[in-house]
Amino acid sequence: MNAQQKRLLLPIAILAVGLIALIGTALFLVGGSQGGRASAVGGPFSLVDQTGARVTEASYKGAPSLVFFGFTHCPDVCPTTLFEMSEILRKLPKDAKISALFVTVDPERDTPDALKSYLSSFDPRISGLSGTREEVDAMLKAYRVYAKKIPTENGQYTMDHTAIVYMMDKQGRFVNALNIQQPPEAAAREIQKLM
Ligand code: NI
């Protein structure tokens, strides 16, 4: 393969990854909107929050919740989404009962302490959940989250992952994917309908 062919490969690879992510999201949304199948997203989990406390799905029942999966080394999508989530939370009444969870797809690097320091840049109501690889994988499966390690040139790795903000009702049932592109006031109104 000559140098010109090599230069062409990277953009093609990036395009392919983008397309796969897009198709995955589209399939997920179609699946989620088919009435009865929506309840197939979510379920029991057992993880540790950023304070080191053991938490399960029962810890968050009684209030609607936003659940987002990502990792602290994420260069763009995760910090942007957490920033948007923080803006939305700020539009809710101060005493609003709401849970907001950032669940790591990279528990090897995202220990509770790492999550605690990372989340200090965002709304304090966002909890960071981690656990063993097995515990995290069980939740990824229940929420139908795609996450894959991608080695980088420096011997490190990045994660390719689903970037949906799941909106769950008071009973912990999946409602829909929250559109964070809309103005934060509009997103906050959507959440308040579940309270
Ligand atoms: Ni990310």
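Predicted model: local features only at pLDDT ≥ 70, side-chain atom pairs only at ≥ 80, totals over all residues.
View 1. The coordinating atoms are SG of Cys 74, SG of Cys 78 and NE2 of His 161, at 2.1 to 2.3 Å. Because Cys 78 lies in helix α2 (residues 77-90) and His 161 in strand β7 (residues 157-161), the pair ties together parts that are 83 residues apart in sequence. Helices (H or I, at least four residues) and strands (E, at least two) are DSSP runs, numbered from the N terminus. Both Cys 78 and His 161 are buried, a word that stands for under 20% relative accessible area, with exposed meaning over 50% and partly exposed in between (1.4 Å probe, protein chains only).

**View 2. The buried side of helix α2.** With 14 residues, α2 reaches 20 Å from its first C-alpha to its last, close to the 20 Å expected at 1.5 Å a residue, the expected span being 1.5 Å times one less than the number of residues. Buried residues in α2 are Cys 78, Thr 81, Leu 82, Met 85, Ser 86, Ile 88 and Leu 89. They cover an arc of only 160° around the axis, which puts them on the same side of α2; the arc is that of the directions from the helix axis to the C-beta atoms.

**View 3. Strand β4 and its partner.** In strand β4 (residues 99-104), 6 of the 6 residues are buried, so the strand is largely enclosed by the rest of the structure. Ser 99, Leu 101 and Val 103 point one way from β4, while Ala 100, Phe 102 and Thr 104 point the other way. Strand β3 (residues 65-70) pairs with β4 in the parallel sense over 6 bridges, where pairing requires that DSSP finds at least two bridges between two strands. Ser 65 stands opposite Ser 99 in β4.

**View 4. Arg 144 in a loop.** Arg 144, which lies in the loop between α4 (133-142) and β6 (147-151), has a positive phi of about 55° although it is not a glycine. At 30% relative accessibility, Arg 144 counts as partly exposed.

**Notes on the views.** Residues are numbered from 1 along each chain as its sequence is written, and side-chain values use heavy atoms, with hydrogens and water left out.

Definitions and conventions: Donors = N, O, S within 2.8 Å, 3.2 Å for Na, K, Ca; no water.
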